[in-house]
Amino acid sequence: MRWIAALGLGAAMALGMTMAVSGEAEAKKKAPKAKMCKTTNVITGKKASWKCGGSEKCCYDAITSKGTCVPASGICL
């Protein structure tokens with residue numbers, strides 16, 4: 001009787017570990033690898049678009065009409 005309980009406990013633990021690992025893998029798959037940045041220049045009215053990494057911020061300089069990417073903790077100048 002004890003070995004049946006031990007087998008059941010072992011199977012439950014193995015299933016729990018498998019689900020935890022697959023949950024981490026799903027989260028990594030859903031993390032954005034790149035994002036599309038879009039804006040409209042307030043001076044000229046022209047639309048601009050560029051791509052940044054998933055962990056970067058989109059920055060746009062209306063004077064030079066250039067889009068740039070900075071780290072998430074960075075500041076857009």
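Q: Why is Cys69 called partly exposed?
A: Its relative accessible area is 30%. Buried means under 20%, exposed over 50%, and partly exposed in between (1.4 Å probe, protein chains only). Cys69 falls in between, so it is partly exposed. The model is predicted: local features need pLDDT of at least 70, side-chain atom pairs count only at pLDDT 80 or more, and totals for chains, interfaces and linings use all residues. Residues are numbered from 1 along each chain as its sequence is written, and side-chain values use heavy atoms, leaving out hydrogens and water.

Q: How do you know that Cys52 and Cys69 form a disulfide?
A: Their S to S distance is 1.9 Å. A disulfide needs a pair of cysteine sulfur atoms within 2.5 Å, so this pair qualifies. The torsion about the S-S bond is -90°, and the link of Cys52 and Cys69 is left-handed. This pair joins distant parts of the chain: Cys52 sits in strand β2 (residues 47-53) and Cys69 in strand β4, 17 residues apart. Strands here are DSSP runs (E, at least two residues; helices are H or I, at least four), numbered from the N terminus.

Q: What makes Cys52 buried or exposed?
A: The relative accessibility of Cys52 is 3%, so it counts as buried.

Q: What makes Cys37 and Cys58 a disulfide?
A: The S to S distance is 1.8 Å, and the two cysteines are joined. At -50° about the S-S bond, the link of Cys37 and Cys58 is left-handed. Cys37 belongs to strand β1 (residues 34-40) and Cys58 to strand β3, so the pair ties together parts 21 residues apart in sequence. Cys37 has 3% relative accessibility and therefore counts as buried. Cys58 has 33%, so it counts as partly exposed.

Q: Why is the disulfide of Cys59 and Cys76 called left-handed?
A: Cys59 and Cys76 are joined with S to S at 1.7 Å. The torsion about that S-S bond is about -65°, so the disulfide is left-handed. Cys59 lies in strand β3 and Cys76 in the segment after β4, so parts 17 residues apart in sequence are tied together. Cys59 is buried because its relative accessible area is 4%. Cys76, at 36%, is therefore partly exposed.

Q: How many disulfides are there by this rule, and what is their pairing?
A: The count is three. With the bonded cysteines numbered in sequence order, the pairing is 1-3, 2-5, 4-6.

Q: What makes Trp50 and Tyr60 an aromatic pair?
A: The whole structure holds one aromatic pair. Trp50 and Tyr60 form that pair, 5.8 Å centre to centre with 25° between the planes. Trp50 is in strand β2 and Tyr60 in strand β3, so the pair ties together parts 10 residues apart in sequence. Rings of Phe, Tyr and Trp (its six-membered ring) pair if their centres lie within 6.5 Å; planes under 30 degrees apart count as stacked, over 60 as edge-to-face and the rest as tilted. Trp50 and Tyr60 are therefore stacked. Trp50 is buried because its relative accessible area is 13%. Tyr60 has 23%, so it is partly exposed.

Q: Why does Ile63 count as exposed?
A: Ile63 has 74% relative accessibility, so it counts as exposed. Its place is the loop between β3 (56-61) and β4 (66-71).
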